[in-house]
Every structure is written in structure tokens, then in C-alpha cells.
Amino acid sequence: LSRGFRVEGKMRYLVIGGGVAGTTVAENLPIFDQHADVTLISATETVKKVTNLEKRGEVMNTFDVSDSVPQGQSYRFICGVVTGCDLGLQTVTLADSSSFSYDKLCIATGARPNVLYPNNPHVVGIRDTESVQDLQSRLKNCKHVTVVGNGGIASELVFAAKQCQISWVIKDQTVTSVFVDSVASQFLLESLQNKDDWNSNAENSSVSRRQIYSTTVTRKDGSIQGSALGPDWYNGYSLDGASSSKKLEIEYGCEVASIETCPESPEFNLNIKLTNGKTLHSDVLVSATGVIPNSELFKDKLEISEIDNGIIVNKRMQTNVSNVFAAGDICTFPGRSVRIGNKCDSGRKLSNRVFILLAA
């Protein structure tokens, strides 16, 4: 079917979202149901496609991810923005007023960066290649950088950045606690503080071992959204500051209380007050504080977590409404978020569970 093909009517399976989770569900449903009528709706004209999948043990897979225009796929593709849904009538409405009914629905609308103080010109949120390029340009004139967050992006940035003083603000008592326990955290910390490792990283910064996503996609409404970063995202970038050496200081168990722009200061751009009472003077603040699930459309329709705004699902990826499932960054398990580890790997695992149930 050609890109943008539209047919109003009832779909057996309807998937919202063209990311890894959504496209994996759409592509694999026909494996379990050869007569499946599958429709995928994406706000962008390209979708993420998983290739070269290889199983590497009981709990780990490796694969590549690319952005592509759907052609010759087994599902119907519609480029459009979903503006409404009626879970009782089992219908979905698009911005152009077209509507579709479904038997079973999978929501995979992903998440967006949770950027602190997004309107401050000296605050940078790291999400896609465009934002990394912006950071690279800013760092050239920076001597002091404050990094807020304790996930993968923050940890890799702290390791990759050079020739600047870095203040790393984390609300936990150990670094990278989202991924590893306290023992492994100590091991990583020693590497972060080892100047020999910094030099080794500089020499090998051009070597990429895993997929980096670098495509910019255009939404149908004209807005631009860059692809999410993958592992080793910093390879190929020169994240060098303006100082003569690198220094790392970690502020444990605290968060940013407030920031103040200092236009008159020749030495720094920001006063950053922390909840532990300290004040940091910094040229730029890098906000790597996770994501916010794109669940607004489904509030008052599905059970939403008060902690992170994710759609709550059970271990079968089912929501609290019959025939409605969720996968990827949009969803949350009770008591913990599923947005842990490699985003693409997580999406793949979640999608496997969803399409097995959907095709049952």
C-alpha cells in the first residue's frame, strides 16, 4: 500500500505510533494472524524499522534501527495526527476529521524529553542529534558545565565531555543507579574519575560499536522532531570545553531548586541553587532528566500513573480497558517504569508481548 493511503472503516488491529514498539507490533501481527488487517498511524512520514535482529543469550538481543518510508510492508500505513479517541465506541479520530474503528488497539506514542527550565537559553535538553550538535557548539565556550540526571545520557555525557569542569547533580546516592547496583556503580565511578580512561575515550571517540540514530523526521503538521539517541551517541562528536583540563564533582542526593540567569557576569551564565543548600556557577545546564510519556490524549480514558504519567499496564501489556494495549515509552508497570535500559531493546521486548496477545 502506498504511503498515506487512507480508507475509513473498521480495522481489526490498529496501532498508534511509528516508533520501534509500534512498527514491531504492526510488522509481527501477520505472523500470528495471516489474515490480519493491521493499520499503523504515525505522526511522521517515516517509521522506525528493526533489522539484523540476533539473539545473544537468554535476555539480550542485538539489532539495528533505521528510519524509513513504509513501502511494501504487510500493514496499512497512515500518516496523520491522532486528535481524539472513544474507547467505548472503539474509534480513533485524526486531525483531518477522518475516523477509524478497531477491534483491538495498541498505543505506542512514546515520550518526550523532560527538560528542566525549557525556556532558559542556557539550559540544553539532550534528545536527538540536533540537540547534541547544539551542545557541542555551546561547549566550545564553556569552562563549567552542570549535568542533571542519573540515566544513560547523563552518564555517557559525563564520561565523554572533556576540557571542562563538570558538576553532576543526581538525586540518588550512587551514580547510574537506574541501571546498576551500588557495587557496579562504584566500578563505573572509578572509571569516570580515571584520567587515563578519559584520554582513551578521546582517542577512540570516532569508533561506533552500536547504532546511532541521526535522522530528522517531519511531522505532517510541519513541526520537526529528531530521532532518539542510541547507545554510543557521543561518538563522532567533539564534546570539548574551553578549559585546560577536565574536573568532575558529584552532588549526591539532591536536585535543582532554582536557577538564575546572570547576564552581567563575565565568568558564568547561571547560578544554580541545589536542594542541599549549595549554589553552582555554570555556563550551561544540561538537563538529562528522563522523559514524559505522551499520554495526554488518554487521560480520563485509561489508568495513568500519578508518578510519571505513563499508561499503567499489567505484565501482558494490557491496560484497564478491554482490547486496549500499550507498548514502549508510553507505558508503566505498577511500581516501576519500563523505560529502563536500551530504549530500542525495551521496545522490542514489549512489542513481542503485545502482538502475541493481540493476535490471540
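A: Helices (H or I, at least four residues) and strands (E, at least two) are DSSP runs, numbered from the N terminus. This is a predicted model, where local features need pLDDT of at least 70, side-chain atom pairs count only at pLDDT 80 or more, and totals for chains, interfaces and linings use all residues. Residues are numbered from 1 along each chain as its sequence is written, and side-chain values use heavy atoms, with hydrogens and water left out.

Q: Which residues of helix H4 are buried?
A: In H4 (residues 182–192), they are Ser185, Leu189 and Leu192. Taking the directions from the helix axis to the C-beta atoms, these residues cover an arc of only 55°, which puts them on the same side of H4. Val183 and Phe187, on the other side of H4, are exposed.

Q: What caps the N-terminal end of H4?
A: Look for a polar contact: a pair of N or O atoms within 3.5 Å, where, within protein, one must be able to donate a hydrogen and the other to accept it, and residues adjacent in sequence count only if both atoms are side-chain atoms. Here the cap is Asp181, with a side-chain oxygen 3.2 Å from the backbone nitrogen of Val183.

Q: Where do the side chains of strand E5 point?
A: In a regular strand, side chains alternate between the two faces of the sheet. In E5 (residues 76–79), Arg76 and Ile78 point one way, Phe77 and Cys79 the other, and all are buried.

Q: How many bridges join strand E2 to E5?
A: Two strands pair if DSSP finds at least two bridges between them. E2 (residues 38–42) and E5 run parallel and are joined by four bridges. Ser42 stands opposite Cys79 in E5.

Q: In what order do the strands of the open sheet with E17 come?
A: The order is E16-E17-E18, three strands with antiparallel pairing. E16 (256–261) and E18 (279–282) are the edge strands, as each pairs on one side only. E17 (residues 270–274) is joined to E16 by five bridges, and Val256 stands opposite Leu274 in E17.

Q: How many disulfides does the whole structure have?
A: A disulfide is a pair of cysteine sulfur atoms within 2.5 Å, and a search of the whole structure finds zero. For Cys106, the closest cysteine sulfur is in Cys331, 8.7 Å away, too far for a bond. Cys106 counts as buried because its relative accessibility is 1%. The sulfur of Cys164 is likewise too far for a bond, at 7.9 Å from the closest cysteine sulfur, in Cys142.

How values were computed: Buried < 20%, exposed > 50% of the residue type's maximum accessible area, 1.4 Å probe, protein only.
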